[in-house]
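Please open the structure in your viewer and keep the selection panel at hand. The tour below goes from one selection to the next and says what is to be found at each stop.

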Amino acid sequence: MSVNRRLSSSLEMTSTRAPPSRRGSELRMTDRRGSGYSSAGFSSRRPSIDPSRLVPMDKTTHVGGTDNFNVVFIGAGNIMFGSDEGPWNHSFRFEHKLGLRLKVVAIVDPAIERANAVLKQKRDSFVVSAYQNTRVFKTLDDFVKNMTPKERPRAVVVGSPPMFRGTLQPGRDVEMQIMKHFPGVAMFIEKPVATGPKSEIDEGFTIARHISDSNSICSVGYMLRYLKAVQKMKQIIEENGLVVMATIARYAAAYEAITKPDWWDKSRSAGPIIEQGTHFCDLSRYFGGEVDISSVIAHSLEWDEEAGHLSKMGIDESKIAPENRIPRVTSATWKYDSGAVGSLMHVATLQGRNYSCELEIHADGYSLKLVNPYVQPILYVRRPGDDHEQAYTFPDDDPFFSEISNWIDIIEDIEEDPEAAQILSTYEDACRTYEFTWAIREASERSRATKLAARRSATSVVEEVLAEEENEA
């Protein structure tokens, strides 16, 4: 049966209030909004944000004040300074949020030449004041040894590759080193929290406990939680007292545009579910609740199967060991602790540049379908008493800015409505998403191993029969 869609007026972002007043950091950590702490202890899940409060960069005013806001950037790659591959660019959002107050005191990256190149570009632009005195260091220890009292950071942004963080291992323990040198400093950490072996997952939860104990305001970069469309979905669920019954996620990547060799190598990136599909695994958890990890079932289409050939790969896959080549398709299902059911289909099949992604949430009488969240999100809502879908659009939404803006507002103790700013993805919550993605990968690998074992067994039986027939002859 065909589905008729009715387009509603766009849900515009209309908040243009004057910048709120700000005070110092005299509040106790447990009193700070959205810090992830309460009198009941650490909370791994944050409430939603009224979508009308998520104001785009061009309609907001930077946080006022005369004091400098010192920031250290760890990593000088695309996520921190942008690229043609996508909209990510944390430095750009910091510049708009903090204005002249922003002082990037250090860029930490072992690739010194790359760090100096992006620093030169910034100094040649209109944001020169934020980078005029920035220094480049190979390691965090080098910065600490050479730091002056005036350069002590208020916040540290970690955008280094996940293979080099999220553990307790020396050289891959940047979170622990930050807390050691700067107790209580605010941290923003990119997702996923790590891409190491499964055996190190527990180390991530240990880091989460240390972050809780350190009273650090920490946010992890699952920016899709900050989409206005996602918060509109949360609003509909909460206002109508709905219980989620099913989540259905579909993620189709445009593989032709992915030319980074590490992405195609499971030993480097941990595979597309952990490195890329993690966003939709996280959104599934955000709506469905905690996952019964033991219930996860998955299957994959691998590179060496008949249907697994890709014709327009931008890298030479022959340089990657066969056992480390990524699956082309991964399909997974699971149960939530609530009893609800979830599913994910991740495919690396599209050519060109644009991805095709959708997330459906089903509850009694309701269907919420999020389409194209990375480019121009549209939310289709079907309600009781109406077989038509109402469509909501969200022009100019920027979840990358919203996650940074909310995090800074919490650091600054902005005097506003307590519901205005929330951290929607804590480190502990992000560790649970990481654990979930690993469960999907492992389930698909078990399924493949079972299939290969059955095939070998069948081949062995045939060979034995043929051998017997040959002997009888």
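## A walk through the chain

At 18% relative accessibility, Thr393 counts as buried, where buried means under 20% relative accessible area, exposed means over 50%, and partly exposed lies in between (1.4 Å probe, protein chains only). The model is a predicted one, in which local features need pLDDT of at least 70 and side-chain atom pairs count only at pLDDT 80 or more, while totals for chains, interfaces and linings use all residues. Residues are numbered from 1 along each chain as its sequence is written, and side-chain values use heavy atoms, with hydrogens and water left out.

**The whole chain.** Begin with everything selected and coloured by secondary structure, which comes to 13 helices and 15 strands; helices (H or I, at least four residues) and strands (E, at least two) are DSSP runs, numbered from the N terminus. Of the 473 residues in the chain, 53% are buried. The exposed surface comes to about 21,200 Å², of which carbon and sulfur atoms supply 51%, with accessible areas taken from the Shrake-Rupley method with a 1.4 Å probe and, for residues, only the protein chains shown counting as cover. Among contacts (heavy atoms within 4.5 Å) between residues at least 6 apart in sequence, 78% join residues at least 24 apart.

Extending the selection to residues 389-393 gives the whole of S15, where 4 of the 5 residues are buried, so the strand is largely enclosed by the rest of the structure. Next select strand S14 (residues 378-382), which runs antiparallel to S15 and is joined to it by 4 bridges; two strands are taken to pair if DSSP finds at least two bridges between them. Within this pairing, Val381 has Gln390 of S15 as its bridge partner. The two strands form a hairpin with 6 residues between them, and in the turn Gly385 has a positive phi of about 85°.

**The parallel sheet.** Now select the open sheet of 6 strands, which follow the order S4-S3-S2-S5-S6-S7 with parallel pairing. Strand S4 (135-137) and strand S7 (218-220) stand at the edges with a single partner strand each, so one side of each is left without a neighbour in the sheet. On average, neighbouring strands of this sheet are turned by 20° against each other, direction ignored; such angles run from 0 to 180 degrees between N-to-C directions, and axes are lines fitted to C-alpha atoms, for helices over the stretch in contact. Within the sheet, strand S2 (residues 69-74) and strand S3 (residues 102-108) run parallel and are joined by 6 bridges, with Val71 opposite Val104 in S3.

Helix H2 (residues 90-98) packs on this sheet, touching S2, S3, strand S5 (155-158) and strand S6 (186-189), and its direction makes about 175° with that of S2. Since 7 of its 9 residues are buried, H2 is largely enclosed by the rest of the structure; among the buried residues are His90, Arg93, Phe94 and Leu98. Just after H2 comes Gly99, which takes a positive phi of about 60°. Helix H3 (residues 112-123) lies across S3 and S4 and runs at about 160° to S4.

**Strands S8, S10 and S11.** Select strand S11 (residues 341-350) together with strand S8 (residues 244-254), and the two are seen to pair in the parallel sense over 9 bridges, in which Ala253 has Ala348 of S11 as its partner. Strand S10 (residues 329-335) pairs with S11 in the antiparallel sense over 7 bridges, and here Val329 stands opposite Val347. The hairpin of S10 and S11 has 5 residues between the strands, and Gly339 takes a positive phi near 105° there.

What share of helix H11 (residues 278-288) is buried? The count is 11 of its 11 residues, and Gly289, which follows H11, has a positive phi near 95°. Helix H8 (residues 228-239) packs with H11 at an angle of about 20°, the axes lying 11 Å apart. That makes H8 roughly parallel to H11, a description that applies to angles under 35 degrees. Show side chains here, where Val230, Gln231, Met233, Lys234 and Ile237 in H8 meet Leu283, Tyr286 and Phe287 in H11.

**Last stop.** Finish at Arg446 in helix H13 (residues 427-472), which is partly exposed, with a relative accessible area of 48%. Arg446 and His299 are 147 residues apart in sequence, yet 8.5 Å apart in space, C-alpha to C-alpha.

Technical notes
Angles under 35 degrees count as roughly parallel, over 145 as roughly antiparallel, 65 to 115 as roughly perpendicular and the rest as oblique.
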